[in-house]
Amino acid sequence: MNVAVESRPATGRIGFARKARAYVALTKPRVVELLLVTTAPVMVLAQGGLPDLWLVIATLIGGSLSAGSASAFNCYIDRDIDRLMKRTQKRPLVTGELTDREALVFAWIIGVASIVWLGVFANLLAAGLSLVAILVYVFVYTLWLKRRTEQNIIWGGIAGCFPVLIGWAAVTGSLTWAPVILFAVIFLWTPPHYWPLSMKYRDEYQAASVPMLAVVRGRQIVGLQVILYAWATVACSLLLIPVANMGITYTVVATVSGVWFIYESHRLYNQAIRHETVTPMRVFHSSITYLTLVFLAVGIDPLLPF
């Protein structure tokens, strides 16, 4: 029985606009958007002011193609479990708006395009980092870790850290400690961002046999891990102050938003140990706001005289 064929809508030929939207959905636009939020501010920090506008645009285009390619490969590889989870049942390969072949060809095209684009309009280091990011997300996370270990999102999340390195490399052609610290911030932030989501959709991940931490461990363990990683994230973000000579703006924003992020993490843990109804999505959304505020401060701080 061909599930992919059966899942195709019985509405005849799919129109161009709908097909185009399906290709866009394949790239997971919300993920791409979050990655871009971390790229442009780092370029400002690397420049110590406003970098060349075309370089910023070119890097964002290349980064979007890179992230989109990784997501498209992920959708292709995970199309079997996407059919089992309510959260992912509207993805193009599940609905039948795209065929497996169309998705795979698209993933390859924009992946190669991202590397060539960054190599031409940025530099070879940025292009090489783009390639590594795609390989890590596809092979390390999707193919190797996701279905095998509860630590999947920790190490697989490395791919999402690469935009800061790509942005810095595009401006300077090299890497220093500042982008490495920001890389570590996103690395540490990813688990307390994603684990609350896995708590909400625990039953779906369990049905799909994906061993997310919330599936194999109790709520108390997950809540404690979220706290530990939240503290580590905030502490790491403060390391940037002496290393990159950050000013008042970044210091205040990173500290205040960090305290809020930690508070929300503790709140989730307290709900878990008291056997109350947990609200993991509150931590999930606050983590996005936290990271956005921190990286906005990264981009604004170098433009201010204090």
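Student: Leaving aside its neighbours within four places in sequence, with which residues is Arg 202 in contact?
Tutor: This is a predicted model, and Arg 202 lies in helix 12, residues 202–207. Arg 202 and Ala 214 are 12 residues apart in sequence, yet their C-alpha atoms are 6.1 Å apart in space. With neighbours within four places in sequence set aside, the contacts of Arg 202 are Ala 214 and Val 215.

Student: Does Arg 202 count as buried, partly exposed or exposed?
Tutor: Buried means under 20% relative accessible area and exposed means over 50%, with partly exposed in between. The relative accessibility of Arg 202 is 30%, so Arg 202 counts as partly exposed.

Student: How do the residues of the contact of helix 14 with helix 16 divide into nonpolar, polar and charged?
Tutor: Helix 14 contributes Val 226, Thr 233, Val 234, Ser 237 and Leu 240, which meet Val 283, Tyr 290 and Val 298 of helix 16. The division of these contact residues is 6 nonpolar, 2 polar and no charged.

Student: Which residues are the closest to the centre of the second largest pocket?
Tutor: The second largest pocket has a volume of about 240 Å³. Of the 16 residues lining this pocket, the closest to its centre are Phe 73, Trp 108, Ile 134, Val 138 and Phe 139.

Student: Which helices each supply at least two residues of the lining of that second largest pocket?
Tutor: The lining of the second largest pocket divides into 14 nonpolar residues, 2 polar and no charged. At least two lining residues come from each of helix 4 (53–77), helix 7 (100–121) and helix 8 (124–145).

Student: Lys 28 has a positive phi although it is not a glycine; is Lys 28 buried or exposed?
Tutor: Most residues other than glycine have a negative phi. Lys 28 has a phi of about 55 degrees and is placed in the loop between helix 2 (16–26) and helix 3 (29–47). Its relative accessibility is 14%, and under 20% means buried, so Lys 28 counts as buried.

Student: Is Asn 245 buried or exposed?
Tutor: Asn 245, not a glycine, also has a positive phi of about 55 degrees. Its place is in the loop between helix 14 and helix 15 (248–273). With a relative accessible area of 68%, Asn 245 is exposed.

Note on methods:
Residues numbered from 1 in each chain as written. Predicted model: local features only at pLDDT ≥ 70, side-chain atom pairs only at ≥ 80, totals over all residues. Heavy atoms only, no water. 1 Å grid on protein atoms, 1.4 Å probe; cavity = no way out; pocket = protein on both sides within 12 Å on 5 of 7 lines; lining within 4 Å. Points joined across faces, edges and corners; volume = space filled by probe spheres on them. Helix = DSSP H or I, 4+ residues; strand = E, 2+ residues; numbered from the N terminus. Nonpolar A, V, L, I, M, F, W, Y, C, P; charged D, E, K, R; others polar. Contact = heavy atoms within 4.5 Å. Buried < 20%, exposed > 50% of the residue type's maximum accessible area, 1.4 Å probe, protein only.
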